[in-house]
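The sequence and structure are shown first.

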Amino acid sequence: MSEHQNNHMDLVIVGSVGIDTIETPTARREDILGGSASYACAAASYFTNVGMVGVVGTDFPQSYMDLYRRFGIDLEGLQVAEGETFKWSGVYEKNMDNRRTLSTELNVFADFSPELPPSYRDVDFLFLANISPDLQLHVLDQVKKPKFVLLDTMDLWINVAKDTLTEVIGKVTMLTMNESEARHFTGEHGLIRAARALLDLGPKYVCIKKGEHGSIMFTGDDIFLMPAYPLEDVHDPTGAGDTFAGGFLGALARGGRVGKNDIRKAMTYGSVVASFGVEDFSLDRLAELTLPEIDARAAAFRKIGRVL
Ligand code: AMP
C-alpha cells in the first residue's frame with residue numbers, strides 16, 4: 001500500500017464504487033466491495049498518489065472506507081450521498097470466461113455528477129473508468145492539462161451513447177476495450193482493423209483486452225503483445241481490467257514519462273497487479289500485497305514473455 005503522503009495528486013481515477021454479490025463455480029460472496037474505481041485505485045496505490053472520484057450512499061460500510069485509507073487512497077473526491085450505494089451482482093460460468101449480470105441497482109449512482117476537488121484539477125494522469133460518456137466528458141472539462149488520459153467503457157454505452165462515447169474517445173490519450181466491445185463499436189471483426197478504426201478517432205494508443213489471453217496494444221505504427229501472467233487458480237476475475245488499468249497508470253505516473261518504453265513497462269506492472277487481484281475476491285488479495293511481491297512476479301513475467 002501507499003507510502004506517498006503529500007497532497008499533490010499524481011493520478012485521479014473516476015469510476016464506480018459498488019457493493020457486489022458474486023457467484024463463481026466454486027464460491028459465492030455477498031456484499032463485498034467492488035466497482036471500477038475501487039479496483040483501479042487499490043492497484044495504483046502501490047506506485048503513486050491516487051485520488052478517487054465517485055459516490056457512495058449513507059449505507060456504505062465504514063470498514064470499506066477504512067480499507068481505502070489503508071491503501072493510502074485520497075478520498076476528497078468521494079461523495080457521500082443520501083441513499084443506497086450502487087449494487088451489482090453477477091455469476092460466472094464454469095470456465096470463468098463468461099459472466100452474466102444478475103442485477104444492477106444504480107441507487108446514488110443514478111444522480112452522480114463527478115466534481116473534482118480543486119487539488120485534483122492540475123493532475124497529470126487521469127483514468128476515466130467505466131461510467132457514462134456524459135460524465136466522462138464532464139470530468140475532462142474540469143481538468144487543466146493532463147499528460148495522459150486513459151479511457152475505459154462497456155457495451156452498454158456503445159448501445160445507448162455511441163456519439164458521446166466517440167466524442168470522449170477523440171479527447172483521450174489511450175483507449176482500452178475488450179475484444180467484443182472493439183468489434184461491436186467498429187463493426188470490424190478483425191482486431192487490427194478494429195484497432196485502426198479506433199485510432200482514427202484520435203487516441204494515440206488503443207489497448208484491446210483479451211481476458212486470460214492478455215492484451216494487444218496498438219499505436220499508429222506499432223503493435224505490442226502483452227500476455228497475461230499464467231495462473232493456476234483464478235478465484236474471481238471481477239475488476240481485472242480495472243486493476244490492470246490502475247496498476248498501469250500508477251506505474252506510469254510513478255516514472256512521470258510517457259514514451260513507448262515507459263508504456264510497455266507500465267503494462268507489465270498492470271498485468272502483474274491484475275494477476276494478483278484475481279487470486280481472491282474483492283480487494284482481499286490486493287490488500288495484503290507488497291511491492292517486493294509485485295517486483296518478483298514482474299521479473300518472472302518478463303522471462304515468461306520473452307520471444308526468441
Ligand atoms: P469489470 O469486471 O471490469 O466489468 O468490473 C466489475 C466491477 O464493475 C464490479 O465491481 C461492479 O461493481 C462494477 N460495475 C458493474 N456494472 C457496472 C456499471 N453499469 N457501471 C459501472 N460499474 C459497474
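A polar contact is a pair of N or O atoms within 3.5 Å; within protein, one must be able to donate a hydrogen and the other to accept it, and residues adjacent in sequence count only if both atoms are side-chain atoms. The model is predicted: local features need pLDDT of at least 70, and side-chain atom pairs count only at pLDDT 80 or more, while totals for chains, interfaces and linings use all residues. Residues are numbered from 1 along each chain as its sequence is written, and side-chain values use heavy atoms, with hydrogens and water left out.

**Ligand site**

| Residue | Ligand atom | Distance |
|---|---|---|
| Ser16 | nitrogen | 2.8 Å |
| Arg99 | oxygen | 2.8 Å |
| Asp242 | oxygen | 3.1 Å |

On its own the ligand has 500 Å² of accessible area, of which the protein covers 85% (Shrake-Rupley method, 1.4 Å probe; for residues, only the protein chains shown count as cover). The ligand is surrounded by 14 residues, the closest being Ser16, Asp20, Gly35, Arg99 and Gly239; a residue is near the ligand if one of its heavy atoms lies within 4 Å of it. By class, this shell holds 5 nonpolar, 6 polar and 3 charged residues. Ala, Val, Leu, Ile, Met, Phe, Trp, Tyr, Cys and Pro count as nonpolar, Asp, Glu, Lys and Arg as charged, and the others, Gly among them, as polar.

**Ser282**

Ser282 belongs to the loop between helix H9 (260-277) and helix H10 (284-287); helices are DSSP runs (H or I, at least four residues), numbered from the N terminus. With a relative accessible area of 6%, Ser282 is buried (under 20%; exposed is over 50%, partly exposed in between; 1.4 Å probe, protein chains only). Its side chain reaches the backbone oxygen of Leu33 at 2.7 Å. Beyond its neighbours within four places in sequence, Ser282 contacts (heavy atoms within 4.5 Å) Ile32, Leu33, Tyr39, Asp236 and Gly277.

**Helix H1 and the cysteines**

All 9 of the 9 residues of helix H1 (residues 36-44) are buried, so this helix is largely enclosed by the rest of the structure. Among them are Tyr39 and Cys41, and Cys41 has a relative accessible area of 0%.

A disulfide is a pair of cysteine sulfur atoms within 2.5 Å, and the count by this rule is 0. The closest cysteine sulfur to that of Cys41 is in Cys207, 19 Å away, which is too far for a bond. Cys207 is likewise buried, at 0% relative accessibility.

Technical notes
Helices (H or I, at least four residues) and strands (E, at least two) are DSSP runs, numbered from the N terminus.
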